[in-house]
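Comments are set out as numbered points.

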Amino acid sequence: PEKCLEIYQKYSNDNSRESVEYIEKILILADYHTQTVELLAKTQRSSDLTAEELHKMLIDNGFSLAGISETVDGRHGNDVTNEIFIEHLAKIFDITTITPDEKLLEALRLFSLLAPNEPIRKRVLKNWFSLDNLNPVNELIDKGWLKEDANNEISIHPVISEVVRYRYPAEFEFAQELVNKIIDELKDSYEKESGISVWNKLITHSVAAAKSFNKSEHEDYATLLNNIGGVYDSMGDYNKA
């Protein structure tokens, strides 16, 4: 609890004595899940709320992670994210200022189709998401939905990626422009024999995007799979190819 309080106060910039009581109540609702604590703290700050106001909103929305495990045992012994856990985190969308902003929401939805915890350079994002500038990405970082590392590369936490895809299920047509840009980069990379370091990062995001649309009948989806196969072939991984 003490460490979570430190995290919350750091990211919310709320160190007032009056707020501690409500922050502690928020931490109980978040069940001391550190990623959620950071997200809620940044939500308070970016939405210009007091801790008391945020706590009331969470209660009104029925948000509580208390007693809910983040993961459950899936089939074949694999851990999968608990849908009830994700459902509660999705309620933060009802509080945050992201939802009314189409550019922010579009960038976040596109990012959720890529591989979580796999950093991407900002200039790549700008191209893939067809952004005029990086303001939406920077704002999502500020709000806690994306992370920026010491190398100024951007990534999304796996839990947040799950939350976004839960609330906004992917449709191929929504991401078609992103898919086409990845298709072109895949083809360009194996034709130019770009090398393992380029291929590894590109293939990770490409496969994640492909898995998001594994029931699509769109011809561009077939081309995506074909070009992923081309990169695996260039890497010498013929089974995957």
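1. Helices α1 and α2 lie roughly perpendicular to each other, because their angle falls in the class of 65 to 115 degrees. The angle is about 115 degrees, and the axes are 10 Å apart. Here α1 covers residues 2-12 and α2 residues 17-29; helices are DSSP runs (H or I, at least four residues) numbered from the N terminus. Axes are lines fitted to C-alpha atoms over the stretch in contact, with angles running from 0 to 180 degrees between N-to-C directions.

2. The model is a predicted one: local features require pLDDT of at least 70 and side-chain atom pairs pLDDT 80 or more, whereas totals for chains, interfaces and linings use all residues. Residues are numbered from 1 along each chain as its sequence is written, and side-chain values use heavy atoms, with hydrogens and water left out.

3. On the α1 side the contact (heavy atoms within 4.5 Å) is formed by Cys4, Leu5, Tyr8 and Gln9, and on the α2 side by Val20, Ile23, Ile26 and Leu27. This contact comprises 7 nonpolar residues, 1 polar residue and no charged ones. In this classification Ala, Val, Leu, Ile, Met, Phe, Trp, Tyr, Cys and Pro are nonpolar, Asp, Glu, Lys and Arg are charged, and the others, Gly among them, are polar.

4. Helix α1 also packs against α3 (residues 34-46), at an angle of about 30 degrees and with the axes 8 Å apart. The two are therefore roughly parallel (under 35 degrees), and their crossing is right-handed. Cys4, Ile7, Tyr8, Tyr11 and Ser12 of α1 take part, and their partners in α3 include Val37, Leu40 and Arg45. The contact of α1 with α3 holds 7 nonpolar, 3 polar and 3 charged residues.

5. Further along, α10 (residues 176-191) and α11 (residues 196-212) cross at roughly 145 degrees, their axes coming within 11 Å. This crossing is left-handed. Ile182, Glu185, Leu186, Ser189 and Tyr190 of α10 meet Trp199, Leu202, Ile203, Ser206 and Ala209 of α11.

6. How many cavities of 30 Å³ or more does a search of the whole structure find? The search finds 1; a cavity is a set of points on a 1 Å grid over the protein atoms alone where a 1.4 Å probe fits but cannot get out. The largest cavity has a volume of about 40 Å³, volume being the space filled by probe spheres set on the points. Its lining (residues with an atom within 4 Å of a point) includes Arg109, Arg165, Tyr168 and Phe174, and divides into 6 nonpolar, 1 polar and 2 charged residues.

Definitions and conventions: Parallel < 35°, antiparallel > 145°, perpendicular 65-115°, else oblique. 1 Å grid on protein atoms, 1.4 Å probe; cavity = no way out; pocket = protein on both sides within 12 Å on 5 of 7 lines; lining within 4 Å. Left-handed = near helix turned anticlockwise from the far one by under 90°.
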